[in-house]
Amino acid sequence: MHKKGEFFEYLHELSNILISKEKHANIMLFGGGALAMRYGAREETKVLDVIFQDSEKELLVKAVAEIGINHDIEKDWMNDEGKGNVTKEILEDSTVFIELPGLTVLAPSAEAMLAMKVCSMRTTDDSPDIN
């Protein structure tokens, strides 16, 4: 588990990497990371579930792995493995949460987050988020 403050630091590092490459990327944050970082519903989360929303996915994956190595954490501390749980409506409902020079982070509304958690309902993992 990682403190949400750590993830804010990693996002700033990711932004700096993108700036150094003269790139800008958009991601959508959802799941436990959004609950922790945007809504303050928890202090820790395992990884950041995201959707890489543009053509910079390859660069983002490499940068995320680099940050993981630099901090001795999971190389997939940010990943898009849960993107199958995100509907078109949830994507359209997302608004800007963090705007950094090289990175824009969007997140769904609280209502959309609740709907996603209820639909995925893994009893042991999701019950605290729904309550």
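Is Ile-27 buried or exposed? Ile-27 is buried, with a relative accessible area of 1%; here buried means under 20% relative accessible area, exposed means over 50%, and partly exposed lies in between, for a 1.4 Å probe and protein chains only. The structure is a predicted model, in which local features need pLDDT of at least 70, side-chain atom pairs count only at pLDDT 80 or more, and totals for chains, interfaces and linings use all residues. Residues are numbered from 1 along each chain as its sequence is written, and side-chain values use heavy atoms, with hydrogens and water left out.

**The sheet**

- Five strands, ordered E5-E4-E2-E7-E6, form an open sheet of 5 strands with mixed pairing; helices (H or I, at least four residues) and strands (E, at least two) are DSSP runs numbered from the N terminus, and two strands pair if DSSP finds at least two bridges between them.
- E5 and E6 stand at the edges with a single partner strand each, so one side of each is left without a neighbour in the sheet.
- Strands of a sheet pair through backbone hydrogen bonds, either parallel or antiparallel.
- E4 and E5 run parallel and are joined by 2 bridges; Leu-48 stands opposite Met-78 in E5, and Asp-49 stands opposite Asn-79 in E5.
- E2 and E4 pair in the antiparallel sense over 4 bridges, with Met-28 opposite Ile-51 in E4.
- E4 is mostly covered, as 5 of its 5 residues are buried: Leu-48, Val-50 and Phe-52 point one way, while Asp-49 and Ile-51 point the other way.

- Ile-27 is placed in strand E2, and its C-alpha atom is separated by 4.7 Å from that of Phe-52, 25 residues apart along the chain.
- Not counting residues up to four places away in sequence, Ile-27 touches residues including Leu-11, Val-50, Phe-52, Leu-60, Met-78 and Leu-103, where contact means heavy atoms within 4.5 Å.
- The largest nonpolar core has 35 residues, of which Leu-11, Leu-14, Ile-27, Leu-48, Trp-77, Met-78 and Leu-103 touch the most other members; a nonpolar core is a set of buried Ala, Val, Leu, Ile, Met, Phe, Trp, Tyr and Cys residues joined through side-chain atoms within 4.5 Å.
- Among the elements that give two or more residues to this core are H1, E2, helix H2 (31-37), E4, H3 and helix H5 (110-120).
- H1 provides the largest share of this core, 6 residues.
- Leu-11 touches residues that include Ile-27, Met-37, Leu-48, Trp-77, Met-78 and Leu-103, not counting residues up to four places away in sequence.

**Helices on the sheet**

- H1 lies across E2, E4, E5, E6 and E7 and runs at about 65° to E6; axes are lines fitted to C-alpha atoms, for helices over the stretch in contact, and angles run from 0 to 180 degrees between N-to-C directions.
- H3 packs on the sheet, touching E2, E4 and E5, and its direction makes about 155° with that of E4.
- At 1.5 Å a residue, the 15 residues of helix H3 (residues 57-71) should span 21 Å, which agrees with end C-alpha atoms 21 Å apart; the expected span is 1.5 Å times one less than the number of residues in the helix.
- The buried residues of H3 are Leu-59, Leu-60, Ala-63, Val-64, Ile-67 and Gly-68.
- An α-helix has 3.6 residues a turn, so residues three or four places apart point the same way.
- The cover over the buried residues of H3 includes helix H1 (4-20), strand E2 (25-30), strand E4 (48-52) and strand E5 (78-79).
- Gly-68, found in helix H3, has a relative accessible area of 1% and touches Ile-73, Glu-74, Lys-75 and Trp-77, not counting residues up to four places away in sequence.
- Asp-72 follows H3 and has a positive phi, near 55°.

**Aromatic pairs**

- There are 4 aromatic pairs, given that rings of Phe, Tyr and Trp (its six-membered ring) pair if their centres lie within 6.5 Å, with planes under 30 degrees apart counted as stacked, over 60 as edge-to-face and the rest as tilted.
- Phe-8 and Phe-97 form a tilted pair, at 6.3 Å centre to centre and 50° between the planes.
- Phe-8 lies in helix H1 and Phe-97 in strand E6, so this pair ties together parts that are 89 residues apart in sequence.
- Phe-8 is partly exposed, at a relative accessible area of 27%, and Phe-97 is partly exposed, at 22%.
- Phe-7, Tyr-10 and Trp-77 are linked into a cluster by ring pairs.
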